[in-house]
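Look at the sequence and the 3D model together.

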Amino acid sequence: MKKIFFISALTFSIISCTENKSQDHNIVEKAAENTVSSIPIKRLSKTQDIFNGIYYEKIKNDQELKKIDEKISLMQEDAHKMQSIYNSIIFNSEDYYLIAKNQAKSINDSVLRKEMIALIKESSDNYYLKIQKIKELKHTINRNKQSIYSLYGAFKIRKTLPEIEKYQKAHPLKTDSLNQFINKQNQLLEELKKLK
């Protein structure tokens with residue numbers, strides 16, 4: 001008897017769900033209305049975020065902004081390349097001194113060992129004095145790079161914020177569709193609670 005009741009209730013649920021499917025679909029359709037806008041709010045690629053998508057849409061027809069954008073990108077790339085070159089030279093020299101010092105420590109003759117350690121120390125001290133200015137200049141490049149990036153970010157925000165606000169106005173969020181959908185869910189929950 002319980003099996004017959006369960007099968008009847010299940011059949012009734014499936015039939016009522018099928019009937020309500022078209023109504024539910026209408027609710028979803030209403031929620032999705034007006035999702036297309038003349039405002040170019042989109043990602044330009046799968047990896048691009050919405051912020052940069054809006055910005056690049058905004059500047060694509062403005063030659064002056066495109067030039068500034070390209071100039072900033074090239075400057076940041078060049079700063080990275082410059083630092084990589086200097087970092088490589090400095091790293092190689094520091095690596096050499098570390099290896100040479102370890103090699104000198106393994107010399108059996110104590111007089112020769114001390115002489116080699118002293119030679120390496122003198123050379124490395126002279127080298128570190130030479131690169132202090134380089135390190136200061138690299139630090140200045142880093143600071144400038146961060147300042148450029150910060151000012152550029154602020155510029156992009158100023159350019160894109162009005163666009164996202166226009167987009168939001170063109171797509172007002174109403175609660176009607178959500179409330180209707182929640183009512184449908186609640187009805188189904190009540191039906192499922194009655195099944196025992």
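This report covers the overall fold, the helix packing, the nonpolar cores and the charged side chains.

## Overall fold

The model is predicted. Its secondary structure comes to five helices and zero strands. Along the sequence, the pattern reads α-α-α-α-α. The protein has 196 residues, and 18% of them count as buried. Now take the contacts with a separation of 6 or more. Residues 24 or more positions apart account for 70% of these contacts.

One pair gives an example of positions apart in the sequence. Tyr128 and Ser93 are 35 residues apart along the chain, and their C-alpha atoms are separated by 9.8 Å. Tyr128 has its place in helix 4. Its relative accessibility is 27%, so Tyr128 counts as partly exposed.

## How helix 2 packs

Start with helix 2 and helix 4. Helix 2 spans residues 50-59, and the two helices pack at an angle of about 85°. Their axes are 9 Å apart. That angle makes helix 2 roughly perpendicular to helix 4. Several residues of helix 2 make the contact, among them Phe51, Asn52, Ile54 and Tyr55. On the helix 4 side, the contact residues include Tyr152, Phe155, Lys159 and Glu163.

Now turn to helix 3. The axes of helix 2 and helix 3 come within 8 Å and cross at roughly 130°. Helix 2 is therefore oblique to helix 3. Here Tyr55, Tyr56 and Ile59 of helix 2 meet Leu65, Lys66 and Asp69 of helix 3. Tyr55 and Tyr56 also belong to the contact with helix 4.

## The nonpolar cores

In soluble globular proteins, nonpolar side chains tend to be buried together. Which residues form the largest nonpolar core here? There are seven: Ile90, Tyr97, Ala100, Ala104, Ile120, Tyr127 and Ile131. Helix 3 (63-105) and helix 4 (110-170) are the elements that give two or more residues to this core. Helix 3 supplies the largest share, with four residues.

A second, separate core has five residues, including Tyr55, Ile59, Leu65 and Ile72. Some of these names have come up before. Tyr55, Ile59 and Leu65 also take part in the meeting of helix 2 and helix 3.

## Salt bridges

Side chains of opposite charge can pair when their charged atoms come close. The model has six salt bridges. The table lists some of them, with the distance between nitrogen and oxygen atoms.

| Lys60 | Glu57 | 3.2 Å |

Consider Lys60 and Glu57 in turn. Lys60 has 42% relative accessibility, so Lys60 counts as partly exposed. Glu57 has 13% relative accessibility, so Glu57 counts as buried.

Lys166 and Glu163 come next. They are three residues apart in helix 4, so about one helical turn separates them. Lys166 is partly exposed, with a relative accessible area of 43%. Glu163 is buried, with a relative accessible area of 9%.

Lys193 and Glu190 sit in helix 5, which covers residues 176-194. They are three residues apart, so about one helical turn lies between them. Lys193 counts as exposed at 54% relative accessibility. Glu190 is partly exposed, with a relative accessible area of 41%.

Some salt bridges share partners. In this way Lys58, Glu163 and Lys166 join into one network.

## A buried lysine

One more charged residue deserves a look. Lys138 lies in helix 4. Is Lys138 buried or exposed? Lys138 is buried, yet it has no salt bridge. The nearest side chain of opposite charge is Glu94, at 8.1 Å. A salt bridge needs the nitrogen within 4 Å of a carboxyl oxygen, so Glu94 does not pair with Lys138.

What does Lys138 touch, leaving out residues up to four places away in sequence? Its contacts are Gln83, Tyr86, Asn87 and Ile90. Ile90 is also one of the residues of the largest nonpolar core.

Note on methods. Residues are numbered from 1 along each chain as its sequence is written. This is a predicted model: local features need pLDDT of at least 70, side-chain atom pairs count only at pLDDT 80 or more; totals for chains, interfaces and linings use all residues. Side-chain values use heavy atoms; hydrogens and water are left out. A nonpolar core is a set of buried Ala, Val, Leu, Ile, Met, Phe, Trp, Tyr and Cys residues joined through side-chain atoms within 4.5 Å. Buried means under 20% relative accessible area, exposed over 50%, partly exposed in between (1.4 Å probe, protein chains only). Lys and Arg count as positive and Asp and Glu as negative; His and the chain ends are not counted. Contact means heavy atoms within 4.5 Å. Axes are lines fitted to C-alpha atoms, for helices over the stretch in contact, and angles run from 0 to 180 degrees between N-to-C directions. Angles under 35 degrees count as roughly parallel, over 145 as roughly antiparallel, 65 to 115 as roughly perpendicular and the rest as oblique.
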